[in-house]
Protein chains: 2
Amino acid sequence: MDLKEYLKKQCQVVDDALEKYLPRAEELPTSLHSSMRYSVFAGGKRVRPILLLAACDTVGGKTADALPAACAMEMIHTYSLIHDDLPAMDDDDFRRGNPTNHKVYGEATAILAGDALLTEAFILLSREGGDLDPAARVRVIQEIAHASGSHGMVGGQVVDMESEGGGPVDLATLSYIHTHKTGALIRASVRAGALVGGADAASLEALTRYGEAVGLAFQIADDILDVEGTTEELGKDAGSDEARGKATYPALMGLEASKQRANELVEMALDALARFDEKAEPLRAIASYIVKRKS
Amino acid sequence: MDLKEYLKKQCQVVDDALEKYLPRAEELPTSLHSSMRYSVFAGGKRVRPILLLAACDTVGGKTADALPAACAMEMIHTYSLIHDDLPAMDDDDFRRGNPTNHKVYGEATAILAGDALLTEAFILLSREGGDLDPAARVRVIQEIAHASGSHGMVGGQVVDMESEGGGPVDLATLSYIHTHKTGALIRASVRAGALVGGADAASLEALTRYGEAVGLAFQIADDILDVEGTTEELGKDAGSDEARGKATYPALMGLEASKQRANELVEMALDALARFDEKAEPLRAIASYIVKRKS
């Protein structure tokens, strides 16, 4: 399949839905809604929503039913980036080559835009049900909320923050950070797509294994890119992880071993998809692409 | 009825449920969970959860079914206080006589503790359903999410922040701030309680009017207390609204007119309850108490 064409098409599907679901910039308070939209439409690759739609499709579900959950994932991902970039956190001035939210709208509005995006995800999940029955909707909300909270993404961010600049981090801590900070949302995206699509227990389990492997591979690949990529390709300073003493796979186990680990994880992800037919082609192509991408 | 005894008893019911529902402080990451618990158990009066339980009871619902939503409201209220107190927002060092979250745990953890509490509210709402059918649960989640978001509480906070120190605010803006920043969560608490209790359309409408009147009365009474109360009674600096040029009812329409308005709103709240029997006594007593309290 032509993955590039597929990603482009799905990206547009997600962007159109986000455009429709998000409050318009003219709605009061306009500064808040402008700020929310600024970060949502700041050039994200829509990895999580695309994975969610692909997982739903893999088990025979409908894209229309999965779009609210897909957009909710992107809103949660975006809120986490806005808060991560704040002066009290990573203090980043640029993200994907653009000024970060708080550099444009100020710190207070950035905090509130993050809060509102997180909340908007749950407004969307509870308001737009498609043809999904209410019990499944509650299960999807639970899946996404749990992955985003103190035992998921936020928990990973706390441990990441606490370990930064505090001397060498062991592999167990780094693994905790990766599986929680980024892994949890990716895993939940795949699982939520499967749940929306009505996956049976065995398919849900297989897609969970796929999501876990892909999530970790994605993060290791990110660590590798930070070492090998150029500032131009990344849209942020290359080598920034090392400069701020951040724990990464290359720093901990070396560049070659990290690449090998990423490749192993991609193999595991592909193995997990063995039970599915050609509908799983996008998930297969995405897994392979993760370790090849340049940005 | 003995309102003081009732509030004390209900406060304990809510505290016990929060204790049960919140992640324990020993769970990883411990700093995050300690920080979340610090602010949740910092002496809040549990106004929103108590209103929610009382509204549920008024329409014949069960407290057990309403406790998840009641605790979710308190988690959302608490997260909003943590973020409001941040240096980039109101920059408050004390809240209810105790150091604010960021003074104890640092700014980054305070931001993340707020994020995690907001998320935990939706984990709880989607995980603990009691005997409630899934369609009603989705409706309750929608009610609470909408009231907390950019067209509700967060929207009110943005307008409040933007109007501060920017010269005189008109009554329309002040009304927007009050109905959104504090009113939305109080209204949603009463409505969510009614929804959990299986209220019919007319009862839901009556309780909505009660919630709106009580929410605004509560805020005007708060403004009045800031003028008339002592620092000791309030647990924060008396006169702090005036000192920071904050828009308030007393500043805009005078102290006496504000008191009259608060009393009118309490009458409207009581009128809205006319259709209910003695099960609504707690709601009646709470409405009357709002304009008499000293802190």
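Student: How many residue pairs are in polar contact across the interface of chain A and chain B?

Tutor: Eight, with both residues at pLDDT 80 or more. A polar contact is a pair of N or O atoms within 3.5 Å, where within protein one must be able to donate a hydrogen and the other to accept it, and residues adjacent in sequence count only if both atoms are side-chain atoms. This is a predicted model, where local features need pLDDT of at least 70, side-chain atom pairs count only at pLDDT 80 or more, and totals for chains, interfaces and linings use all residues. Residues are numbered from 1 along each chain as its sequence is written, chains are lettered from A and ligands numbered from 1 in the order in which they are written, and side-chain values use heavy atoms, leaving out hydrogens and water.

Student: Which helix of chain A gives the most to the side that touches chain B?

Tutor: Helix 6, with 14 residues. Helices here are DSSP runs of H or I, at least four residues, and strands are runs of E, at least two, numbered from the N terminus.

Student: And how many residues are in contact between the two chains?

Tutor: 47 of chain A with 47 of chain B, contact being heavy atoms within 4.5 Å.

Student: New topic: where is B:Phe94?

Tutor: B:Phe94 sits in strand 1 (residues 94–95) of chain B.

Student: Is B:Phe94 buried or exposed?

Tutor: Exposed, because its relative accessible area is 51%, and exposed means over 50%, buried under 20% and partly exposed in between (1.4 Å probe, protein chains only). Leaving aside neighbours within four places in sequence, B:Phe94 is in contact with B:Pro99 and B:Thr100.
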